[in-house]
Amino acid sequence: MDSLNVMPNVMRIEGGVPLEGTVRAQGAKNAALPVMAACLLLKDGTLTLENVPDLQDVRTMVELLETLGVRVEKDPEGQTRFCVPEEVGFEAPEAQVRKMRASSLVLGPLLARCGQAALPLPGGCSIGSRPIDLHLKGLVQMGAKIEIRNGVVYAQADRLRGRRIYLDFPSVGATENLMMAAALAHGETIIENIAREPEIDNLASVLGSMGVPIEIEGTGCVRIKGIEEVHCGKERVIPDRIEACTYLLAGVMTGGQVTVTDVIPAHFDAMLAKLEEAGARFSVYRDSVTVSPVKRLQSLSLRTMPFPGFPTDLQPQMVAALSLAGGVSMVEESVFQARFLYVEELNRMGANISIRGNTAVISGVRQLQGTSVKATDLRAGAALILAGLAAEGETRVGEMIHVWRGYEAIDEKLRSLGARVGLVPEEAK
Ligand code: EPZ
């Protein structure tokens with residue numbers, strides 16, 4: 001884990017090599033972060049998690065938890081234990097919150113178990129403003145007093161009260177924060193219009209393993225009976241569906257044959273449906289998917305939606321793939337305000353994409369050209385790496401710091417598939 005801190009910031013890619021082989025999906029970043037925060041519900045207890053990925057964002061959450069007093073131990077069998085004392089701090093440290101928006105997921109558990117919490121407002125990021133108004137509105141409905149002073153949220157509640165909450169938008173983070181808060185509330189909480197991402201189910205399993213009576217109903221509703229105290233829990237982090245699909249697209253874009261194992265195919269049905277519509281060839285097995293070479297994808301239209309719709313976290317990678325498809329594709333981003341910053345970088349590689357409102361209009365080209373580009377966020381970085389793998393010549397992807405947040409050992413995994421990639425020191429300014 002220590003090496004992550006000094007990972008090089010530029011990836012050099014020699015494009016045009018059809019990828020061949022098998023990679024294993026990592027534990028899901030977006031499942032690991034909330035379930036790690038859930039350990040704060042414990043008083044003098046341990047949460048044991050399997051399959052926690054080795055990522056920068058995981059490291060940031062570990063730092064945050066350790067600052068609050070949690071002891072984190074990783075054992076040789078690949079389990080990570082979160083040992084939580086009777087007393088923990090209730091103030092989330094600014095350093096980690098500013099580095100990673102998911103730090104806001106400690107608000108619900110801290111408020112529930114300490115009766116108070118202080119959280120610096122997480123900043124926006126390059127994909128849009130990222131408010132937490134839905135998180136705060138739900139906590140107020142559960143009886144919390146919320147005050148924002150000098151950019152810090154101060155929350156206070158002797159004991160939260162269970163109640164019926166309707167989410168105006170199926171926000172993943174708000175769903176997760178309120179589920180954790182409800183675990184120790186007095187009475188039953190019913191949250192309606194919840195996010196349906198698989199990561200929510202993973203959190204529900206972790207809370208269940210800690211003794212919380214919780215039930216997710218098919219209607220997009222979750223019922224949680226608050227208890228006095230949670231007990232030690234144990235659960236496995238689900239596979240990362242976004243990372244897995246990124247490697248499948250690497251296979252498709254380079255005209256190779258790539259298998260991703262340790263996945264749950266049902267977690268990325270929408271992606272497989274769109275790949276099929278675009279003419280990609282793939283086989284689905286119980287816990288793996290294999291893509292096979294096809295001449296050229298056909299154009300299509302898609303709109304990103306909350307799960308089970310097409311995931312916004314695969315939008316940049318799919319736009320990169322469609323930049324080489326025959327015809328004109330339309331990709332509408334409906335979840336975030338501004339998730340097309342990377343398009344300019346793709347156009348510098350010879351793509352022909354224009355942005356109209358929140359829609360990318362992609363006129364497919366025959367070939368991309370390697371050049372130097374910069375990642376603007378995690379998934380944008382992944383899209384540029386995919387473009388570099390397919391492009392003619394050499395591509396240098398800068399600002400890899402974004403990519404290390406969510407892609408474990410991506411250079412090694414790509415090399416194991418035959419890609420000609422290397423990490424180079426920061427380019428001379
Ligand atoms: C989670 O972010 C993921 N992050 C994101 O993945 C993912 O893109 C997003 O869900 C949508 O699937 C983690 O799980 C750590 P939201 P989150 O609350 O919880 C607005 C990646 O690349 N909103 O569902 O922040 C918000 O501005 C990252 O791995 C409010 O307006 O997403 C956005 O437009 C990027 N008020 C939309 O809802 C709120 O209180 C979706 O946000 C909360 C959200």
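Is Cys83 buried or exposed? Select Cys83 to find out: at 12% relative accessibility, Cys83 counts as buried (buried means under 20% relative accessible area, exposed over 50%, partly exposed in between, with a 1.4 Å probe and protein chains only).

A quick note before moving on: this is a predicted model, where local features need pLDDT of at least 70 and side-chain atom pairs count only at pLDDT 80 or more, while totals for chains, interfaces and linings use all residues. Residues are numbered from 1 along each chain as its sequence is written, and side-chain values use heavy atoms, with hydrogens and water left out.

**Stop 1: the cysteines**

Now pick Cys39, which is buried with a relative accessible area of 0%. For the sulfur of Cys39, the closest cysteine sulfur is in Cys83, 9.2 Å away, and that is also too far for a bond. A disulfide is a pair of cysteine sulfur atoms within 2.5 Å, and by this rule the count is 0.

**Stop 2: the ligand**

A residue is near if one of its heavy atoms lies within 4 Å. There are 23 residues around the ligand, and Asp133, Leu134, Ser171, Asp313 and Val335 come nearest.

Which helix gives the largest share of this shell? Colour H5: with 3 residues, H5 supplies the largest share. Helix H1 (29–37), helix H5 (133–141), helix H6 (172–182) and helix H12 (378–390) each supply at least two (helices are DSSP runs of H or I, at least four residues, and strands are runs of E, at least two, numbered from the N terminus).

Domain 1 (2–26 + 239–428) and domain 2 (29–236) each give the shell at least three residues; the bounds come from an automatic or database domain assignment.

**Stop 3: oxygen atoms of the ligand**

Zoom in on Val335, where a polar backbone atom is 2.7 Å from a ligand oxygen. Then try Val172: a backbone N or O atom there lies 2.9 Å from an oxygen atom of the ligand. Both are polar contacts, that is, pairs of N or O atoms within 3.5 Å.

**Stop 4: a loop**

Finally, select Gln369, in the loop between strand S20 (359–363) and strand S21 (372–374). Gln369 is partly exposed, at 37% relative accessible area.

Terms used:
Polar contact = N/O pair within 3.5 Å; in protein donor to acceptor, adjacent residues only side chain to side chain.
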